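Here's a quick briefing on a protein chain and the ligand that goes with it. Have a look at the model, then read on.

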Amino acid sequence: MMVLFILDITIIFSLTIMESILSKPSIKSILIVGGGSAGWLSAGILAARHGSTVNITLVESPDVKPIGVGEGTWPTMKETLQEMGISETDFFRECNASFKQGAKFSKWVTGQDDDYYYHPLMLPQDFVKTNLAPFWSQNTNGQSFSNSVCFQEALCEHGLAPKTITMPEYNSAANYAYHLDAGKFTTFLTKHCTTKLNVKHILTTIKKVKQRKNGDIECVVAKDGNEIHADLFIDCTGSSSLLLGKTLGVEFIDKSDVLFIDQAIAVQLPYESDKDPILPYTLSTAQDAGWIWDIALSNRRGIGHVYSSRHMSEQKAESILADYVGPAYKNLTVKKIPIRCGHRKEFWKNNCVGIGMAAGFLEPLEASALMLIEISAKFIRDQLPEHKSVMSIVAKRFNERHTYHWNRIVDFLKLHYVLSKRDDTAFWRDNRDPATIPESLTELLTLWKYHSPYRQDFHHKEEVFPAASYQYILYGMGFKTHISERDKSKNDALCKQAIADNHTMIQKGITLLPNNRELLQKIKQYGMKAI
Ligand SMILES: Cc1cc2nc3c(=O)[nH]c(=O)nc-3n(C[C@H](O)[C@H](O)[C@H](O)COP(=O)(O)OP(=O)(O)OC[C@H]3O[C@@H](n4cnc5c(N)ncnc54)[C@H](O)[C@@H]3O)c2cc1C
């Protein structure tokens with residue numbers, strides 16, 4: 001009898017909790033403010049999953065143009081496009097996209113003409129079975145780390161594509177990301193999201209944001225006075241951060257004491273001939289106070305000089321870019337973009353999440369911004385709170401995870417500067433000042449003097465840069481890990497075999513894979529087989 005009574009009470013109590021949760025309003029509408037890459041990627045990612053049950057609207061200003069740079073992606077973009085139901089052939093054709101198989105860093109270590117290393121997009125051979133770094137360091141045979149353990153550097157140096165035309169969309173022999181035209185990409189996504197994914201599109205400028213007493217955003221007010229209401233707001237207004245920064249007052253954490261780049265000058269350079277090579281990697285060439293990116297699309301190159309204005313004048317930075325580009329420079333439109341390096345203290349506050357430049361920006365050395373947009377939108381997609389009652393819990397988890405990601409990216413970017421041996425200018429010397437190096441990075445570098453990074457060094461399930469990426473930068477830049485007797489390879493046979501297998505893959509790749517420009521032309525002409 002007593003047991004039944006307790007059971008009854010428990011059931012009634014649970015039902016009361018359930019009723020109270022169910023009576024809380026659920027998330028039925030999402031408003032994305034901003035129509036740059038962040039806005040449209042978020043819209044596509046969310047609508048592909050929730051478009052039939054949640055009203056998703058994107059409002060963008062016809063007067064404030066998107067930033068229009070951001071042309072290098074991560075391989076994550078393949079999955080993102082696929083999940084949105086995008087034909088890869090259409091994407092290549094309409095966004096003048098090309099294959100990116102990694103980044104080549106030139107003149108970052110000594111500044112000499114023969115100084116370069118690669119950060120490819122594939123794990124070292126047999127990475128899940130063994131760590132090749134200690135074995136390689138004792139048996140370099142004059143080969144760079146990346147070339148010894150990964151066949152992608154050779155493909156890049158030979159100007160090859162990562163696949164053949166017979167391989168279906170999104171399939172390949174070597175992993176890849178994209179170079180794309182940022183302006184065309186947002187137009188492409190706009191069309192796809194509005195015609196295929198049920199996203200409502202409003203063109204107007206938001207002039208005001210109304211809040212409730214508890215701080216939640218109630219609605220945004222357009223310049224014609226129309227109010228747009230929603231349950232969840234996504235701030236993609238770029239560096240103005242209209243909702244998260246300006247309205248909710250979330251503090252900006254400045255990282256310019258660690259990463260000095262604060263200005264960009266960008267141009268678009270057409271190819272001289274349709275025979276010019278299309279580099280299948282992002283080329284990043286170090287300069288006196290920054291570096292130049294060179295991104296080859298199918299129809300033109302995107303080139304830009306990012307630099308520290310504390311170390312170089314605008315005039316000098318522009319003359320360095322002009323020298324790099326050559327005589328064609330004088331006919332090009334030059335875009336100057338200030339960079340504010342850092343991020344918001346919180347990314348999700350009340351019923352508002354900041355994504356893209358509204359959340360922050362770190363210099364584009366590893367093209368991490370679009371990837372951060374993708375993982376932010378995917379987190380919201382996967383954990384979209386069922387009811388407003390759990391919004392603060394989801395927000396807390398989002399903030400913890402993303403603060404971790406941003407800090408890891410800061411460390412990884414700084415690593416490129418810390419390991420440089422360049423002494424020729426104050427910019428490089430200042431970058432190695434211990435006061436500018438995050439403690440977390442100093443700790444890792446101390447650890448890695450005695451063992452090379454491997455999978456267990458990072459505990460996060462969704463690490464943005466895995467241990468393999470650290471290996472490519474460390475050993476590409478000449479970092480030395482002391483190999484103790486204990487660490488000397490216990491599996492020499494396995495390592496030797498892995499390095500031999502990689503060599504075989506290089507030979508196969510060079511023989512079988514087509515020239516990058518030729519494949520891109522074929523894709524434009526014939527398309528790829530859909531999967
Ligand atoms: C020099 C440079 C190089 C870069 N290179 C790379 C790279 O290689 N790879 C990479 O991943 N990323 C790169 N990035 C970052 C990338 O460009 C951005 O992360 C990306 O474009 C996202 O921008 P966004 O959509 O957040 O902002 P924006 O493109 O600025 O878009 C803001 C949007 O908000 C709208 N808006 C603003 N105010 C209002 C308002 N009041 N009402 C209505 N709408 C409003 C605007 O109309 C616009 O549509 C680079 C950035 C810079 C500066």
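**Around A43 and beyond**

Setting aside residues up to four places away in sequence, A43 touches I32, I56, L58, C193 and V199, where a contact means C-beta atoms, placed from the backbone, within 7 Å. Keep in mind that this is a predicted model: local features need pLDDT of at least 70, side-chain atom pairs count only at pLDDT 80 or more, and totals for chains, interfaces and linings use all residues. Numbering starts from 1 along each chain, as its sequence is written.

**Core**
- A43 turns up again in the largest nonpolar core, which has 148 residues; A43, V33, F233 and I355 have the most contacts inside it.
- Such a core is a set of buried Ala, Val, Leu, Ile, Met, Phe, Trp, Tyr and Cys residues joined through C-beta atoms within 7 Å.
- Helix 12 (residues 391–418) gives the most to this core, with nine residues; helices (H or I, at least four residues) and strands (E, at least two) are DSSP runs, numbered from the N terminus.

**Ligand shell**
- There are 38 residues around the ligand, and G34, G36, G70, G238 and G356 come nearest; the cut-off is a C-beta atom, placed from the backbone, within 6 Å.
- Helix 2 provides the largest share of that shell, three residues.
- Elements giving two or more residues include strand 2 (55–60), strand 13 (263–270) and helix 11 (369–383).

**Overall build**
- The protein chain has 17 helices and 21 strands.
- Buried residues make up 45% of the chain; buried means 20 or more other C-beta atoms within 10 Å, exposed 12 or fewer, and partly exposed in between.

**T205**
- T205 sits in the loop between strand 7 (200–203) and strand 8 (206–211).
- With 13 other C-beta atoms within 10 Å, T205 counts as partly exposed.
- T205 and E60 are 145 residues apart in sequence, yet 6.5 Å apart in space, C-alpha to C-alpha.

**Confidence**
- Mean pLDDT (the predictor's confidence in each residue, from 0 to 100) is 94 for the protein chain, and 94% of its residues reach 70 or more.
- Residues 1–7 stay under 50, with zero contacts beyond four places in sequence.

How values were computed
Contact = placed C-beta atoms within 7 Å.
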